[in-house]
Amino acid sequence: MSNFLLLNGPNLNLLGSREPEIYGSTSLADIENKLSAICAAANHSLDSFQSNAEHDLVNKIHEAKDVNVNCIIFNPGAFTHSSIALRDALSGINIPFIEVHISNIYSREDFRQKSYLSDIAEGVISGLGTEGYELALTVAMKRFS
Ligand code: CA2
């Protein structure tokens with residue numbers, strides 16, 4: 001049995017309620033439930049956490065080490081483009097993570113095209129909608145179980 005962590009950053013609690021043309025109509029709860037079901041069927045566990053606060057995300061990343069998380073599936077939201085603190089937290093724990101973006105950050109504004117995390121991620125999924133989370137989990141279960 002392996003432990004996975006689904007981590008979502010700022011404003012992703014709004015998924016499904018606004019801007020469906022960019023982020024789709026699936027809610028964060030739908031995504032969390034789907035990934036939990038996939039994990040349960042494979043006898044793995046999934047912890048899901050969303051926060052709008054950078055320090056809560058940093059603390060959750062630190063905690064992942066204590067509870068032996070095998071892989072983190074992380075959509076850092078807008079912190080992708082600004083947060084050295086999240087980068088340092090992820091660098092410090094030595095747990096693989098997969099960066100997920102619902103939208104294609106490379107087809108959007110210039111400021112979204114810089115990620116402070118991508119070069120230390122196992123890989124990045126961007127632009128495949130909310131299915132990107134499931135794709136990340138599929139790979140995480142194969143590689144990090
Ligand atoms: O495409 C992604 O998943 C992003 O990480 C989403 C972030 C954005 O800042 C990144 O550049 C790309 C924004 C999340 C905001 O989510 C909302 C969802 C519904 C309604 C409003 C915002």
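This is a predicted model: local features need pLDDT of at least 70, side-chain atom pairs count only at pLDDT 80 or more; totals for chains, interfaces and linings use all residues.
User: Which residues of helix H4 are buried?
Analyst: Helices (H or I, at least four residues) and strands (E, at least two) are DSSP runs, numbered from the N terminus. Buried means under 20% relative accessible area, exposed over 50%, and partly exposed in between, with a 1.4 Å probe and protein chains only. In H4, residues 84–93, the buried ones are Leu86, Ala89, Leu90 and Ile93.

User: Why do the buried residues of H4 line one face of the helix, and within what arc do they fall?
Analyst: An α-helix has 3.6 residues a turn, so residues three or four places apart point the same way. The arc is taken from the directions from the helix axis to the C-beta atoms. Seen down the axis of H4, the buried residues line one face because they fall within an arc of 95 degrees.

User: How do H3 and H4 lie relative to each other?
Analyst: Two packed helices are described by the angle between their axes and the distance between the axes. Axes are lines fitted to C-alpha atoms, for helices over the stretch in contact, and angles run from 0 to 180 degrees between N-to-C directions. Here the angle is about 5 degrees and the axes are 9 Å apart. Angles under 35 degrees count as roughly parallel, over 145 as roughly antiparallel, 65 to 115 as roughly perpendicular and the rest as oblique, so H3 and H4 are roughly parallel.

User: Which residues make the contact of H3 with H4, and how many are nonpolar?
Analyst: H3 gives Glu54, Leu57, Val58, Ile61, His62 and Lys65, and H4 gives Ala85, Leu86, Ala89, Leu90 and Ile93. Ala, Val, Leu, Ile, Met, Phe, Trp, Tyr, Cys and Pro count as nonpolar, Asp, Glu, Lys and Arg as charged, and the others, Gly among them, as polar. By class, one residue is polar, two are charged and eight are nonpolar.

User: Which residue follows H4, and what is its phi?
Analyst: Most residues other than glycine have a negative phi, and most peptide bonds are trans. Asn94 follows H4 and lies in the loop between H4 and E4. Asn94 is exposed, with a relative accessible area of 68%. Though not a glycine, Asn94 has a positive phi of about 60 degrees.

User: Where is Asn11, and what is its phi?
Analyst: Asn11 sits in the loop between strand E1 (3–8) and helix H1 (20–23). Asn11 is not a glycine, yet its phi is positive, about 75 degrees.

User: Is Ile72 buried or exposed, and which residues does Ile72 contact?
Analyst: Ile72 is in strand E3. Its relative accessible area is 0%, so Ile72 is buried. Leaving aside neighbours within four places in sequence, its contacts are Leu5, Leu7, Ala64, Leu90, Ile93, Ile95, Pro96, Phe97 and Ile98.

User: Where is His81, and which residues does His81 touch?
Analyst: His81 is in the loop between E3 and H4. At 16% relative accessibility, His81 counts as buried. Not counting residues up to four places away in sequence, His81 touches Ile105, Phe111, Arg112, Lys114 and Tyr116.

User: How far apart in space are Phe4 and Leu137?
Analyst: Phe4 lies in strand E1 and counts as buried at 1% relative accessibility. Phe4 and Leu137 are 133 residues apart in sequence, and C-alpha to C-alpha the separation is 8.4 Å.

Key:
Residues are numbered from 1 along each chain as its sequence is written. Side-chain values use heavy atoms; hydrogens and water are left out. Contact means heavy atoms within 4.5 Å.
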